[in-house]
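Load the model in your viewer and get ready to select side chains as we go. Each stop says what to pick and what you will find there.

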Amino acid sequence: MCIRDRFLIFLITLCTSTHLLAQRVYAFDTTEAMTEKQIKCMHSKNKGMFFRAYMYPGLVDKTGIENIRLGELASYTVAAYIVPNPKMSAIQQADEMCTALGKLSRSISVAIDIENPERWYTDDLAKNRLFIETLMGKLNRNKGCYSPFILTNEFNFNKIFGADYKLGNKGLYLW
């Protein structure tokens, strides 16, 4: 379990007992299972809720899908994110995740979490570019998913795709 997840578990636990800390959070994501009560508490003080729906090395995240389902049951707007494996088929990953999301009541906006340059092709930027373009295109055409955008930082983006690479009008959010 990473430090971020431990912090979020702490945050969620604290949220169930007091709203003081939750009032200061703008948005959050977690990979841990949440209860409907925890989701309601966190949502009451936050603008955004992100849940991982697909994880590296290439698996649907059933916990994330369940969190999304609970968020939908509570009539909240939630988003999913995928941590893709660039050495597997982009189409297969999009299909698997969107099939799982397609079982929910409405389509979900999907972020593509781009981190860990060592997991990508370090000597072939063209392969990385083709992968991300294929993934984004497939996510945009699948039932259950819409409006894919990238979450990354400038270092990772430049290392994986090259500083000269432009995504055009596709969403790119740097942190």
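Two rings of Phe, Tyr or Trp make an aromatic pair if their centres lie within 6.5 Å, and the angle of their planes sorts the pairs: under 30 degrees is stacked, over 60 is edge-to-face, and the rest are tilted. Keep in mind that this is a predicted model.

**Stop 1: the aromatic rings**

By that rule, the structure has five aromatic pairs. Select Phe157 and Phe161 to see a tilted one: the ring centres are 5.2 Å apart and the planes stand at 50°, so the pair is neither stacked nor edge-to-face. Both residues belong to helix α6 (residues 154-161), where they are four residues apart, about one turn of the helix.

Together with Phe157 and Phe161 they form one aromatic cluster.

**Stop 2: a tyrosine with lysines over its ring**

Next, centre the view on Tyr121 and show Lys87 and Lys127. The charged end of Lys87 sits over the Tyr121 ring, 5.2 Å from the ring centre. Lys127 also lies over the face of Tyr121, at 4.6 Å from the ring centre.

**Stop 3: the disulfide**

Select Cys98 and Cys145, whose sulfur atoms are 2.0 Å apart. Cys98 is in helix α4 and Cys145 is in strand β6 (residues 145-152), so the bond ties together parts that are 47 residues apart in sequence. Turn the view to look along the S-S bond: the angle about it is -120°, and the link is left-handed. Both ends are buried, with Cys98 at 1% relative accessibility and Cys145 at 3% relative accessible area.

**Stop 4: the nonpolar core**

Finish in the largest nonpolar core, which has 39 residues. Which of them touch the most other members? Select Ile68, Met97, Leu101, Ile112, Ile132, Leu135 and Leu139. Helix α4 (residues 90-102) supplies the largest share of this core, six residues.

For a close look, pick Leu135 and show what surrounds it. Leaving aside residues up to four places away in sequence, Leu135 touches Ile82, Pro84, Ala90, Ala94 and Ile112.

Technical notes:
Residues numbered from 1 in each chain as written. Predicted model: local features only at pLDDT ≥ 70, side-chain atom pairs only at ≥ 80, totals over all residues. Heavy atoms only, no water. Core = buried A, V, L, I, M, F, W, Y, C linked by side-chain atoms within 4.5 Å. Buried < 20%, exposed > 50% of the residue type's maximum accessible area, 1.4 Å probe, protein only. Helix = DSSP H or I, 4+ residues; strand = E, 2+ residues; numbered from the N terminus. Contact = heavy atoms within 4.5 Å. Phe/Tyr/Trp six-rings, centres within 6.5 Å; stacked < 30°, edge-to-face > 60°. Lys NZ or Arg CZ within 6 Å of the ring centre and 35° of its normal. Disulfide = S-S within 2.5 Å.
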